[in-house]
Amino acid sequence: MQHPAEGSADGTTTVLQPGFLASLFHELGADEDEDPADAHPADARPADAHPAAARPGQPAAPYPGPPTVVPPQPGPADPADTPAAADDPVAAHGRAAALTHHRTLAVQADHQRLADLLRRAAQPVSAMDFESQLRSYQPKPFPDAGPEAEPEPAWADFAPPEPAGTDPDQPRSRRLLDSGYQRELAQARLRHQRALREWRTRQAELADSGAVAARQAHEEAERARARAVQEYNDSLEQCRRAYRQAEPAAVESLLERALAAAEGATQDLPAPCRAVFRALTRTAVLDLDLPPLDTVPALSGYRLTEAGAVEPVPRPAADVRTDYLRLAARLALRALQAADAVDTEEVLAGVVLNGWLRVPGQPPQCLLSVDADRDALARTRLVPDAGHLGDEGANGGVYAEAEHDESLLRLRALAAVITPDPYAGEAVLPWGSASSAVPALGELSPGEFAHLVRAVLTAGGLRDWSVRLRGPAGLVATAEGEPDSRLPGRWVVWASRGPAPVAAEEIATLAEAVREEGADRGLRMTCGQFTDEALDLTGEERHQRIHLMDGPGIRELARTHLALPLTL
């Protein structure tokens, strides 16, 4: 007797949907690769099977024909094949917090790098003068000093001693007749001949093995080393003589070598510096390339908002500006120290340093400019104290306030002009230009101009200079001239660098200063011209002791007394 299949009331076979079976197996934990026919044999029957016979007393069911196969229908999706459900809020918050922490650590690493750069940029540099560049030759011994270095056996080492008791006044021929001495002499000659043969054999073996050639090559290499050291020291001495004579090529070569050595302390922060020497005024003009603005971190970290977003926390703009200016100041002081330390011959009368920010696609901007003479460099400590090197952590000297930062204070003490905001593109006017080795009168820095005025008037006979006021615009000074000189008496000198014409009010002011100082005469010098009113004012009787000198007059005096051919 056949019974209807389980799950089929009329005995027909129903093929279940694959999606339903997959869900069912997944929920029961069964293996999805298991064959459904093996797991549930009642669920399948051959297509030509006959329906089960009716039970006794019941009519037989008619043959229903072939089984109806239900096509696969889209059923419940397998969780393994469906997209991931929405993230858990707790897990999403954890991932955002981890990202915030990771980015904050990266910002802190940038701050630590800045602190390290500030500390290394303030380290003192070694003097690269001529004495420190001299080389010495130390011979190297041959690495395998063996028997080949053995000298030839000498007869003196084998000759027997003279017979004992021999009268020194006795002729030598009588001493040689001693039979014992003759035997010793013959044996000594045999030993000497044997030693010679052995020595020549060893020399031949060494020659065949190449040891002699190796020693000769070593000796030749040592002679070449000694010759190279001597030639280098001779060339260095020639450069030293040229430096003492203030030849521009020698001075620039020594300065750039010292600047390159100073830059080695911060190789990961390139700050090249070029030097041009103005032999006319004995002034070195240095062009320092400042680091990019993004060297200083603009963020203090990252934070997680209430909505779960990661947002940056910017630093105050004033702190970013101060940190960049602090770094630029320390690089500038380092370059000034290198130039001052190398000038042991006192060739330089002053140094002009310009700090340039170079951005690709934009013209360079001068962010700082220093004009310091030799005396100012000598009395200024160019290296910050240890407490300002950043060894005290983030709250220490590296991040001190700008008004208390030693580097900026010492740079400003050297008559430096510094941009107030490098990020706003506020440039300053450089004191001198490195592009012109022979400058024009208007291109002289304040220090160069003051030195020129004093040198010209000193050559003219003025002594005992006393500078009362000196600045970017010029200087005011008093000087004494010998009675028999070309400029006798006491003078008040007012010299200005600007090209602006001098008005009559300035002539009256100088005349009043002459009266207050009790001076005999006054001299008004300018790189520009005088107005007609000023020229007419000096023709009056009360202003006849005021003398005027314009730009062409200064150039003529410089050419006559100092042999300085200033350009127009």
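Is tyrosine 324 buried or exposed, and at what relative accessibility? At 1% relative accessibility, tyrosine 324 counts as buried. Here buried means under 20% relative accessible area, exposed means over 50%, and partly exposed lies in between, computed with a 1.4 Å probe on protein chains only.

The model is predicted, so local features need pLDDT of at least 70 and side-chain atom pairs count only at pLDDT 80 or more, while totals for chains, interfaces and linings use all residues. Residues are numbered from 1 along each chain as its sequence is written, and side-chain values use heavy atoms, with hydrogens and water left out.

## The chain as a whole

The chain holds 15 helices and twelve strands. Helices (H or I, at least four residues) and strands (E, at least two) are DSSP runs, numbered from the N terminus. Of the 568 residues of the chain, 37% count as buried. Among contacts between residues at least 6 apart in sequence, 68% join residues at least 24 apart; a contact means heavy atoms within 4.5 Å.

## A sheet and a helix across it

Strands of a sheet pair through backbone hydrogen bonds, either parallel or antiparallel. Five strands form an open sheet in the order S1-S2-S5-S6-S7, and the pairing is mixed. Strand S1 (273-278) and strand S7 (416-418) stand at the edges with a single partner strand each, so one side of each is left without a neighbour in the sheet. From one strand to the next, the twist averages 15°. Two strands count as paired if DSSP finds at least two bridges between them.

Strand S6 (residues 365-373) pairs with S7 in the antiparallel sense over three bridges. Valine 417 in S7 is the bridge partner of serine 369.

Helix H9 (residues 317-342) lies across strand S2 (283-289), strand S5 (350-357), S6 and S7, and runs at about 145° to S5. For such angles, axes are lines fitted to C-alpha atoms, for helices over the stretch in contact, and the angles run from 0 to 180 degrees between N-to-C directions.

## Aromatic rings

A pair of aromatic rings is described by the distance of the centres and the angle of the planes. Rings of Phe, Tyr and Trp (its six-membered ring) pair if their centres lie within 6.5 Å; planes under 30 degrees apart count as stacked, over 60 as edge-to-face and the rest as tilted. A search of the whole structure finds two aromatic pairs.

Phenylalanine 130 is in helix H4 (residues 130-133) and tyrosine 243 in helix H7 (residues 211-244), so that the pair links distant parts of the chain, 113 residues apart. Both phenylalanine 130 and tyrosine 243 are buried.The rings of tyrosine 324 and tyrosine 423 have centres 6.1 Å apart and planes at 70°, so this pair is also edge-to-face. Tyrosine 324 lies in helix H9 and tyrosine 423 in the loop between S7 and helix H12 (446-460), so the pair ties together parts that are 99 residues apart in sequence. Tyrosine 423 is partly exposed, with a relative accessible area of 33%.

Charged side chains can also sit over a ring, which requires NZ of Lys or CZ of Arg within 6 Å of the ring centre and within 35 degrees of the ring normal. Arginine 103 lies over the face of tyrosine 302, at 5.7 Å from the ring centre. Arginine 524 lies over the face of tryptophan 494, at 4.2 Å from the ring centre.

## Salt bridges

Side chains of opposite charge can pair when their charged atoms come close. A salt bridge is a side-chain nitrogen of Lys or Arg within 4 Å of a carboxyl oxygen of Asp or Glu. The whole structure has 24 salt bridges, including those in the table.

| Aspartate 268 | Arginine 120 | 2.9 Å |

Arginine 120 forms a salt bridge with aspartate 268. Arginine 120 lies in helix H3 (residues 89-121) and aspartate 268 in the loop between helix H8 (248-263) and S1, so the pair ties together parts that are 148 residues apart in sequence. Arginine 120 is partly exposed, with a relative accessible area of 22%, and aspartate 268 is partly exposed at 40%.

Aspartate 323 and arginine 326 are three residues apart in helix H9, so about one helical turn separates them. Aspartate 323 counts as buried at 3% relative accessibility, and arginine 326 is buried with a relative accessible area of 0%.

Glutamate 540 is partly exposed, with a relative accessible area of 35%, whereas arginine 542 is exposed at 64%. Elsewhere, salt bridges that share partners join Asp116, Arg119, Arg120 and Asp268 into one network.
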